[in-house]
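These are my notes on the model, in numbered points. Please read them beside the coordinates.

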Amino acid sequence: MPIQSTIDSQELLRRYLAGERDFNHVNLIGAHLCQVNLVGANLTGASLARADLTRAILHEVNLTNAFLYGSNLSFVKLGRGQLKNADLTKANLEGAFLVKSEMSGVKLSGAILRGVNLRAANLSGVNLCGANLVGVNLRGANLSQANLNWANLTRARLTGAIFKDTQMTGINLSYSHLLELNLQGLDLSGVNFTQALMTRTNLQDCDLTAANLSQTQLKQADLSRAKLQDANLVEANLISSNLTNAMLIRADLSGAILTHAALMETNLNLAILKKADLRGANLRNAYLWKADLSGANLAGANLYGASLRGANLEGVDLTNVNLTGATLSDGTVNPG
């Protein structure tokens, strides 16, 4: 391990202003560096525990393997920074600007991350289990193999983020922006998607193919045109959600709550809807070829023009269900 040299903040700034940039493995524990400008400095392996770097300008600074335990980096400007394997345990990063920074392997346990801007940052393999990431900007960030289990990402911006092999069980994504995402095959059981924005006109739709969404909270979520074929939505809460034109071929919606959900022209061919609650749901022109609706509650549902050819309707009460123009399970068309 390289020997560290101890200097104070005044000497650091004097040497920086004289043109020096290499301060690797320097000891600056507890240093007062509030609002300093150290753009492009090399602080690889530096000890900056409990240092005050509030509002410092640190663009393109190399902090690889740096020790920043308990440091104050609130509102720091650290675009394109190198923070690989840095220790930011219990650091304050509130409002920090970390756009396009390299942060793979960084330690963030107990760190304050409110309002941090991590757009296009590399956070692959980072442990953010249980982290408070409310309002965080993670657009285009790389979260491959990261641990986000039980993290709070309410109102987070995640458009275009990369989630390959990411752990996401039980996280809170309510009111978040989840556009242009590929979430196929991920375990999303217990995730809260309440009122999350997941699709937008003319953009790639959210891909949730074969994802595990059992017991998730998707109340009022916008999933129009979403790719959900082969997804596990057992006992998911989809009250008043928008699934218009969504792809739900072979999806398992057993016991799901779909009251007042919008399912217009949704493809539910071969889907399992056993004991699903579809009261007041709008299934106008939906595709339900060979869908299993046994024991489902369709009271007040709108199935105008829907295709039910080969569907299993065992135990289903179709009283008060609008079946005008629908193709019934035996292939006949209900004239209404």
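1. Over the ring of which residue does the charged end of arginine 155 sit? The ring is that of tyrosine 175, and the charged end of arginine 155 is 4.6 Å from its centre. A charge is taken to sit over a ring if NZ of Lys or CZ of Arg is within 6 Å of the ring centre and within 35 degrees of the ring normal.

2. On provenance: this is a predicted model, in which local features need pLDDT of at least 70 and side-chain atom pairs count only at pLDDT 80 or more, while totals for chains, interfaces and linings use all residues. Residues are numbered from 1 along each chain as its sequence is written, and side-chain values use heavy atoms, with hydrogens and water left out.

3. Helix 1 spans residues 9-17, and its buried residues are Ser9, Leu12 and Tyr16. They lie on the same side of helix 1, because the arc they cover around the axis is only 60 degrees; the arc is that of the directions from the helix axis to the C-beta atoms. An α-helix has 3.6 residues a turn, so residues three or four places apart point the same way. Gln10, Arg14 and Leu17 are exposed on the other side of helix 1. Buried means under 20% relative accessible area, exposed over 50%, and partly exposed in between (1.4 Å probe, protein chains only). Helices (H or I, at least four residues) and strands (E, at least two) are DSSP runs, numbered from the N terminus.

4. Tyrosine 16, one of the buried residues of helix 1, has arginine 21 over its face, at 3.7 Å from the ring centre. After helix 1 comes glycine 19, with a positive phi near 105 degrees.

5. The structure holds 1 aromatic pair. Phenylalanine 67 and tyrosine 69 form this pair, which is stacked, with 6.2 Å centre to centre and 20 degrees between the planes. Rings of Phe, Tyr and Trp (its six-membered ring) pair if their centres lie within 6.5 Å; planes under 30 degrees apart count as stacked, over 60 as edge-to-face and the rest as tilted. Phenylalanine 67 is partly exposed at 34% relative accessibility, and tyrosine 69 is partly exposed at 31%.

6. Asparagine 147, in the segment after strand 2 (26-27), is buried, at 16% relative accessible area. Leaving aside neighbours within four places in sequence, asparagine 147 contacts (heavy atoms within 4.5 Å) Val126, Asn127, Leu128, Cys129 and Gln167.
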